[in-house]
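Subject: Structure handover

Hello,

I am passing on the structure we spoke of. Please open it first and then read the notes below.

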Number of protein chains: 2
Amino acid sequence: MGCDVSALNTVQFSNHTGYRQWKGTRVSAEEITDLWTGLRQSYLDTFDMMLSGYVPGAAAVEAVGTIAKELRAKNNNYKKGGGFFWVLDPVMGDNDKLYVADDVVPAYRGLIQHADLILPNQFEAELLSEVKITDAASLRHAIEVLHTKFHLPHIVITSVSMPLGESQSSSTTTTRTMSVVGSTRTSTGKPRLFKIRFPVFDCYFSGTGDMFAALMVVRMREAVANLGNDVGETASWVSGDEVDALDLPLAKAAEKVLASMHEVLSRTCEGMTEEMERTTGLEKMGTEEEEAKRLHLLRSKAAELRLVRNLGCLRNPKVEYWAERM
Amino acid sequence: MGCDVSALNTVQFSNHTGYRQWKGTRVSAEEITDLWTGLRQSYLDTFDMMLSGYVPGAAAVEAVGTIAKELRAKNNNYKKGGGFFWVLDPVMGDNDKLYVADDVVPAYRGLIQHADLILPNQFEAELLSEVKITDAASLRHAIEVLHTKFHLPHIVITSVSMPLGESQSSSTTTTRTMSVVGSTRTSTGKPRLFKIRFPVFDCYFSGTGDMFAALMVVRMREAVANLGNDVGETASWVSGDEVDALDLPLAKAAEKVLASMHEVLSRTCEGMTEEMERTTGLEKMGTEEEEAKRLHLLRSKAAELRLVRNLGCLRNPKVEYWAERM
């Protein structure tokens, strides 16, 4: 997508954990801090944006937070507001299940006030806001809390599966849909809410959260630049109060990201079917249990997102799902 | 370039060592082996090609060699010859200076017989062949030794700076040139030698060896595929004896790689001049020694290869330096 990226790997694993078995190591908080010291001492601490994803443990989360705070302080010395933008994906769990240590939750609660955009899923939004999300009203309330209590400029809640007041006709169609719900606060901390509904594939993928976050970084920057006004010079790229929810750079960015994802997932799904037919045609071996494990591993591999061979979907997706008012 | 790549990081450093200071860690031999075990146990050991570069220490070199040997054995079970191709960059030193531990040299000497293509610089070719390279004749002899003693199918010696029998007219031009020298063995182990001369920039870059190696992987595969014959099905993609040195896939690949490199280095050089003018215009600080160090760091940063913003140079370079007979 044209971005020069420096990666600080928080793990080196043989494969993602969806396979249910893996080898490799996590980095320690000390190693994160050490690498940052290395960058700083050689004048390599000039980043415009930062994306943080899975971070192993509360101490490592703190270490990542320190990098973000120092990058912001440094850039504020040289530039006007808008000199640094932190996209924080608070990876903690999903579907009411925590998959990090308990102390990671308060670590993120103490840090998100320094982020520009957070990308929690529904469960993570509940953990951060301490609001149980059960319907459109509680969802709105959770977002209000995140805007006001944590001063968060931009929020996107990924993968909201409950109905958000769709018309009768759409809820009776056979295709299952989900939504992302986003908001950029006004100058008085009020939410400007939008939702984007998209169809769900009948496939299990891993890494869609990482893909969403990575694409949001590029598309948010692009959407702000495309405005051609001075929002890119304002702190955290927050649009003036006159801008409607559906015209927010955040909404434009999310539309493009979802378009890319839909195309990549669609092609991954097609390829997956083919690959499974080919590999499961091979002779069976071992006990039933072993065979079930083997099938799970082959299916996990077949479901790996087909990114490289579908670069066009990332670069020039056709937007088909648009931001709507909530 | 369209390749789906899995990276096994052998270091995680804050920056390359040309800065003369860095932080971070090297992986151990155990970690390399462990990651490979992780891949194997989940059916993720299906690679068509492997590129190995800097590997920290003799034990780690052995661990990488084991991966290559097992990948070849596995692919040979499923496919005809040509099922796996190992590009080995035996990173050991440069300009008569070793920058790895002494025992790395015998570790590579024991392994290169399993590689398909090696990419030593002149000094590394001397270490592997135990032939001192001082002129075109000794260079040819070193390559003969590598072909026969180690059964190496393909060799490219990068950055040969001595004259290789150029005509009087070209050696009196003002532009400094260097050459790469390559060879694919015949069925009887004889070299098929070619050289490609290219102009040298008056800039110090880091990472050109890695760039050369990475591009050779893609271009070698492409050159073999473009032939449209069955050389891709033969072991190690060795062309029949009737193929002339200048028509070898290896020569075609190297031409494209050098074209890409020349374009990227040219743009890096331009950008570097601009960036140095901008940053050195800032106020001086500290002692003379501190200022010299600061300048070295800023220059190292300015010389970082501008790859991402010049993808077109990687994808569609204009070939201007052609393989010549030696």
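This is a predicted model: local features need pLDDT of at least 70, side-chain atom pairs count only at pLDDT 80 or more; totals for chains, interfaces and linings use all residues.

Interface

In chain B, 36 residues are in contact with 36 residues of chain A. Together chain B and chain A bury about 3,100 Å², and 51% of that area lies on carbon and sulfur atoms. B:Gln12, B:Lys23 and B:Tyr43 supply 21% of the area that chain B buries against chain A, more than any other three residues.

The rule finds 2 salt bridges across the interface of chain B and chain A. A:Asp4 forms a salt bridge with B:Arg309, with the closest N and O atoms 3.1 Å apart.

Several elements of chain B give two or more residues to the side that touches chain A, including strand E1 (11-13), strand E2 (24-26) and helix H9 (288-302). H1(B) gives the most to that side, with 7 residues. By class, the side of chain B that touches chain A has 15 nonpolar, 13 polar and 8 charged residues.

Helix H1 of chain B

H1(B) has 13 residues, which at 1.5 Å a residue should span 18 Å; its end C-alpha atoms are 19 Å apart, which agrees. Its buried residues are B:Ala29, B:Glu31, B:Ile32, B:Leu35, B:Trp36, B:Gly38 and B:Leu39. After H1(B) comes B:Tyr43, whose phi is positive, near 60°. B:Tyr43 is also one of the three residues named above for the area that chain B buries against chain A.

Regards

Key
Residues are numbered from 1 along each chain as its sequence is written. Chains are lettered from A and ligands numbered from 1 in the order in which they are written. Side-chain values use heavy atoms; hydrogens and water are left out. Contact means heavy atoms within 4.5 Å. Buried area is the accessible area (1.4 Å probe) that two parts lose on being put together, summed over both. A salt bridge is a side-chain nitrogen of Lys or Arg within 4 Å of a carboxyl oxygen of Asp or Glu. Helices (H or I, at least four residues) and strands (E, at least two) are DSSP runs, numbered from the N terminus. Ala, Val, Leu, Ile, Met, Phe, Trp, Tyr, Cys and Pro count as nonpolar, Asp, Glu, Lys and Arg as charged, and the others, Gly among them, as polar. The expected span of a helix is 1.5 Å times one less than its number of residues. Buried means under 20% relative accessible area, exposed over 50%, partly exposed in between (1.4 Å probe, protein chains only).
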